[in-house]
Amino acid sequence: MSVIAPKFRLGYFLKGIFDNAFWILTIVTLAGIPAIQIVLFYLELPVIDGELLTAFLAFTWLFNPTMQVPLIKALIYSDLFRIVAFPGFGFAALIAAGTIFVERKMLAKLQLRVGPFYCGKVEGILQLAGDGLKLISKEIIIPAKADKPLFWAAPVLFVGTAAAFVALIPVAPGGWVVADLDVGLLAVFAVIGFFPIITILSAWSANSKFPFIGGIRALHQMVSFEIPLILSLLGVVILTGTLNLSEIVESQSSFPWIIFMPIGAIVFFTTMLAELERIPFDLPEAESEIVAGWLTEFSGMMYGLVQLGSYLKLYAFAALFVIIFLGGWTGPVFWPPLETEIITEGIPIPNYAGDPILTVNAPGLPLLDQDPNEWVLQQQGELQYTSGQLLVSGVIWFVLKTVGVIFFILLPRGVFPRIRLDMLLHIGWYKLIGLSFVNIFIALGLVYAGVIGPGGIL
Amino acid sequence: MSKSEKKVTSKDEDKKKSDEKAIGDAIIAAANARREELAKEALATRSNKTLPKEIKEKPKEEKPKESKPKEEKPKAAPPSKTDTEEVSLPEFEKSFVDKISSQFTGDVEVGYIKENRTRVNVKKEKILEVAQFIKDNLPFDHAESVTGVDFPEDKEIGVVYHLGSYTDPTYSKQVLALATRVPREENPNPGNDSTKLPSLRDMFYSVEFHEREIFEMLGVYFDSHPDNRRLLLPEDWADLPPLRKDFRNKGR
Amino acid sequence: MAEQVIPTKKMPPGLQVENVDDRIMTLNVGPQHPGSGHMRIIVKIDGDYIVDADPDPGYVHRGEEKMAESRNYITNIPHLERPVIHDSCNILYPYVLGVEDLVGIEVPERAKYVRVIAAELNRCIYIQYWLAIYGIFLGHSTMFMWPAGDRELLIDLMEKITGARVTHAYFIPGGVRNDVPANFEDVCLRQVNYFEKRIKEYADIFYDNPILKARTEDTGVLSREDAIRLGTTGSVLRASGVDYDLRIKEPYDVYDELDVHTNVLKSGDSYARSKIPWLDMLESCNIIRQALEKMPKSGSIRTKLKPNPKGREDEVYRRVESGRGSAGCHIISRGKPEPYRLKLSVSSFRNLIALPYLLKGEKLGNMPAVYWSLNYWPVEADR
């Protein structure tokens with residue numbers, strides 16, 4: 001007899017299924033269908049191409065090949081898509097997942113072991129999914145004397161803030177960014193300033209000693225490293241004269257700023273490690289001293305959310321480094337040429353024997369161009385690259401550079417031990433701030449010497 | 001500590017304990033009987049095969065003896081006092097033991113002098129003075145180990161300090177055992193009975209944890225030790241000090 | 001004050017109701033803590049500084065000494081190695097030597113060499129494990145994986161000799177339990193040479209690491225005088241500049257025929273304390289090579305004991321240099337097959353006394369570095 005269902009009988013089981021099916025059918029026919037009809041009756045449907053959009057028409061378009069492409073295109077250019085999928089959360093989460101996989105495998109190779117191996121057959125590629133499922137299925141335990149609303153809010157706020165940070169990152173030319181602000185860099189600083197507050201709030205609301213110490217450490221670390229972080233980026237702002245991140249990238253079309261300000265890049269990279277709580281600066285989570293620091297009391301998916309948020313943050317910081325010092329998406333444009341017949345005549349759809357029976361004249365192609373006529377202009381030689389080509393090659397360059405930076409963020413974990421709080425503060429307040437001022441003076445010198453900037457040589 | 005309080009506060013506890021003890025004795029007696037039976041059986045089956053008769057008799061006598069409590073066979077001489085009359089005593093070891101024994105004639109008795117190992121038995125009143133003398137005049141600078149031994153038939157508990165030397169290379173092989181005895185009580189009340197010794201912590205700092213261990217394991221209280229707390233045993237331990245001989249292992 | 005709450009009752013450590021100072025926070029580090037091992041340290045901190053540390057061992061106390069009183073000299077062997085299974089040969093060594101004294105048997109020459117080889121291999125195995133944990137305590141995950149992986153080489157060797165990976169129970173009074181396999185000399189030499197090459201690489205990633213040096217140098221400094229006064233032993237003592245190694249000072253078995261060097265550092269800080277065991281491993285490789293060369297190629301490996309041997313009425317105190325320091329065994333015998341009293345004077349217990357002394361005034365971040373650099377094994381201290 002099974003332990004889980006000690007009184008299992010197949011008859012009762014089948015009866016239960018039939019009962020459920022009967023009631024579902026009854027309720028849907030008696031209540032559901034009339035309700036849908038009532039809703040459709042009162043709903044004001046839009047008029048498209050002179051035709052009133054009915055449910056029938058909507059389904060027809062959805063399965064009509066000639067209408068699918070414009071629909072997809074409309075979807076791509078909608079705000080929802082930007083926030084949820086491409087330059088926003090989904091893209092960042094995908095890169096974060098890749099980061100976790102790379103981190104595990106790379107660290108394993110460094111430490112002469114294999115890493116995740118079995119889950120997903122190929123090099124343990126599904127290990128992360130398994131971990132996520134495990135976290136979701138675990139019980140969430142909240143300390144008895146915790147401040148419950150704040151404690152619940154902290155992981156959600158953490159992910160939200162990380163997503164807000166991601167939203168400010170431009171990924172490709174042509175305004176591929178969720179929030180294209182004129183004061184983009186200032187907004188980045190503002191969002192970064194939220195993290196220590198969330199950390200200390202969650203640590204304090206847990207009402208436990210080790211999270212409290214961890215929260216205090218995180219506060220020390222983030223607040224004292226935010227100053228060199230901001231100062232190290234000011235050099236670039238002086239040279240470009242703008243705070244808009246997209247314009248900062250555009251200004252690096254011929255050379256990246258890391259050539260002129262390597263000191264600023266080094267300072268920013270170091271502060272980045274500290275803000276991300278990566279080894280050697282993982283003091284707030286130092287496990288041999290304070291269990292897991294401010295994460296100690298989190299369990300189940302609350303912990304999972306914090307981890308997700310911290311990897312989103314990692315992506316965003318790496319992307320910020322790429323945008324400011326490595327030239328963002330700039331790089332040689334490459335684009336696989338589209339066959340002319342597809343655009344001029346359409347896509348032939350063969351039957352089961354391979355004979356083309358239907359040609360889909362797709363007016364929206366190429367899919368990623370903002371204006372379908374760009375392709376024609378390019379054929380005529382008036383336009384060098386269409387916006388779709390720029391988008392694809394820009395994204396590829398951007399991702400390549402970001403992954404490179406992420407690799408260097410992950411690398412210290414296998415090489416360095418953790419440092420101490422007083423050493424950390426000493427580095428932050430004495431060395432990094434001094435170095436970032438040196439960087440600012442270099443930038444000022446370049447501007448006043450007339451090398452870069454308005455009327456400069458370069 | 002918590003045990004002592006229980007003792008003082010309630011007499012029911014004592015009664016309960018004596019009851020438990022009676023039950024325990026009954027169990028032990030039954031177990032002994034059973035063991036004898038088993039031994040007999042085993043011997044019976046064995047003797048059919050190979051064993052000659054002399055060996056067959058031997059364990060039959062020994063077994064019940066061992067399993068009974070120790071009080072039945074008192075043994076006067078502690079083990080250490082037997083080896084003093086060796087023919088040729090090592091010179092170097094004898095020299096520094098003689099220094100101690102000549103300083104405290106009557107209070108100090110030489111336990112044994114062997115190669116690299118020496119032992120002096122000291123009366124418990126003089127232990128502080130002897131330790132101070134050793135610390136000041138001989139290069140022994142630390143205590144390696146402190147052993148507590150229970151001698152129920154002598155109604156005494158022995159404490160042996162093993163002293164060693166790091167500073168003087170000529171003494172680096174030597175281990176001087178400084179032994180003393182304290183009276184032992186049948187119903188121990190650690191900390192509040194006569195089982196007390198002065199602590200040697202001021203002379204040899206390294207005995208601190210060893211003395212704490214002996215306090216919890218044998219119930220020897222060390223006066224002037226600043227930190228007489230439990231070290232290894234759990235906080236709610238309320239039984240006899242476990243290294244005394246009348247504390248029995250379960251199933252043994 | 002606490003008296004008003006609970007008038008007369010004196011609570012055991014850790015449960016005491018204390019006069020609460022707003023500045024002082026009491027932390028229970030362990031026994032369920034990634035940075036404690038099987039023990040608890042009650043740490044009081046003022047800001048980032050430790051004002052008081054009270055080690056509270058006993059979480060894994062098993063009463064080995066009491067158990068030894070009811071078992072005979074042979075059946076005591078497997079359970080007496082349990083306190084440090086990673087260093088099981090060395091923790092068993094003083095007991096075996098003491099029983100040989102009491103029973104009065106001689107050990108064959110070849111067995112002595114086999115014992116030295118097994119003891120040195122086991123010392124390396126222990127130190128590798130200790131080093132791995134030291135690495136992860138400092139947040140250096142590579143230093144956890146490398147020693148844990150390289151340790152397998154020697155574990156394989158020990159498995160070839162004894163048949164068990166960690167709990168060998170190999171030393172017995174009168175020699176060793178069984179002979180080494182046929183081509184053991186070649187295999188051992190090859191693996192030890194490779195092992196030495198590997199552990200020399202640890203300097204690159206760990207001991208010469210600037211962050212590690214900055215972090216552990218000048219922390220938890222134990223001066224020479226204090227090291228002697230506190231009676232510390234082994235690597236802690238030698239890191240403080242005291243040249244005291246029992247393999248040289250009181251050679252047992254065949255250590256006097258081998259060329260043994262000891263490693264002494266002067267600074268007495270956590271860095272020196274963590275480096276001494278590593279240097280010891282390199283020295284162990286030398287000793288193993290010498291012993292392999294000098295070992296008689298054939299001969300008996302064990303003197304036969306009578307069944308159920310009885311010790312004479314005497315007491316012995318023998319000590320050897322284990323992976324952590326001097327391990328002593330005090331056996332009082334009364335002519336029975338069982339010891340009357342058996343006391344293990346282990347180095348972890350002796351080094352523990354330095355922990356509250358060193359932690360006072362240290363920063364909280366230094367706690368794992370100072371604590372584990374004492375070469376402390378909680379199970380051994382509890383026994």
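Mentor: Two strands pair if DSSP finds at least two bridges between them. Strands are DSSP runs of E, at least two residues long, and helices are runs of H or I, at least four long, both numbered from the N terminus. The model is predicted: local features need pLDDT of at least 70, side-chain atom pairs count only at pLDDT 80 or more, and totals for chains, interfaces and linings use all residues. Residues are numbered from 1 along each chain as its sequence is written, while chains are lettered from A and ligands numbered from 1 in the order in which they are written.

Trainee: What makes β2 and β5 of chain B a pair?

Mentor: Six bridges join β2 (117–122) to β5 (175–183) in chain B. The definition asks for at least two, so they pair. The two strands run parallel. B:Thr118 has B:Leu176 of β5(B) as its bridge partner. B:Val122 is opposite B:Thr180 of β5(B).

Trainee: How do you know that β4(B) and β5(B) pair, and in which sense?

Mentor: Over eight bridges, in the antiparallel sense. B:Gly158 faces B:Arg181 in β5(B). Strands of a sheet pair through backbone hydrogen bonds, either parallel or antiparallel.

Trainee: Which strands form the open sheet of chain B, and in what order?

Mentor: Five strands, ordered β1-β2-β5-β4-β3, with mixed pairing.

Trainee: Why do β1 and β3 of chain B stand at the edges?

Mentor: β1 (108–114) and β3 (142–151) of chain B have a single partner strand each, so one side of each lacks a neighbour in the sheet. Neighbouring strands of this sheet are turned by 20 degrees against each other on average, direction ignored. Such angles are taken between lines fitted to C-alpha atoms.

Trainee: What makes β5(B) mostly covered?

Mentor: Eight of its nine residues are buried. A residue is buried if 20 or more other C-beta atoms, placed from the backbone, lie within 10 Å of its own; it is exposed at 12 or fewer, and partly exposed in between.

Trainee: Which helices lie across strands of chain B?

Mentor: α4 (91–103) of chain B lies across β1 and β2, at about 175 degrees to β1(B). Angles run from 0 to 180 degrees between N-to-C directions, with helix axes fitted over the stretch in contact. Contact requires C-beta atoms, placed from the backbone, to lie within 7 Å.

Trainee: Why is C:Asp253 called buried?

Mentor: C:Asp253 has 20 C-beta neighbours inside 10 Å, so it counts as buried. Its phi is near 45 degrees, positive in a residue other than glycine. C:Asp253 sits in the loop between α12 (246–249) and α13 (270–294) of chain C.

Trainee: And C:Asn375, buried or exposed?

Mentor: C:Asn375 has 26 other C-beta atoms within 10 Å, so it is buried. Phi of C:Asn375 is near 55 degrees, again a positive value in a residue other than glycine. C:Asn375 lies in the loop between α16 (367–373) and α17 (378–382) of chain C.

Trainee: How do you know whether the peptide bond from A:Ile279 to A:Pro280 is cis or trans?

Mentor: Omega is near 5 degrees, and the bond is cis. A:Pro280 lies in the loop between α12 (262–275) and α13 of chain A. Most residues other than glycine have a negative phi, and most peptide bonds are trans.

Trainee: How many residues make the contact of chain C with chain B?

Mentor: 39 residues of chain C touch 35 residues of chain B. β7(C) gives the largest share of the chain C side, five residues. That side has 15 nonpolar, ten polar and 14 charged residues. Ala, Val, Leu, Ile, Met, Phe, Trp, Tyr, Cys and Pro count as nonpolar, Asp, Glu, Lys and Arg as charged, and the others, Gly among them, as polar.

Trainee: How many residues do chain A and chain C give to their contact?

Mentor: Chain A gives 24 and chain C gives 27. On the chain A side, α13 (287–290) and α18 (421–448) each supply two or more. That side divides into twelve nonpolar, three polar and nine charged residues.

Trainee: What are the domains of chain A?

Mentor: Domain 1 is 81–333 + 390–448, and domain 2 is 340–384. These bounds come from an automatic or database domain assignment. The C-alpha centres of the two domains of chain A are 41 Å apart. In chain C, domain 1 is 2–56 and domain 2 is 64–348, with 35 Å between their C-alpha centres.

Note on methods:
Two residues are in contact if their C-beta atoms, placed from the backbone, lie within 7 Å.
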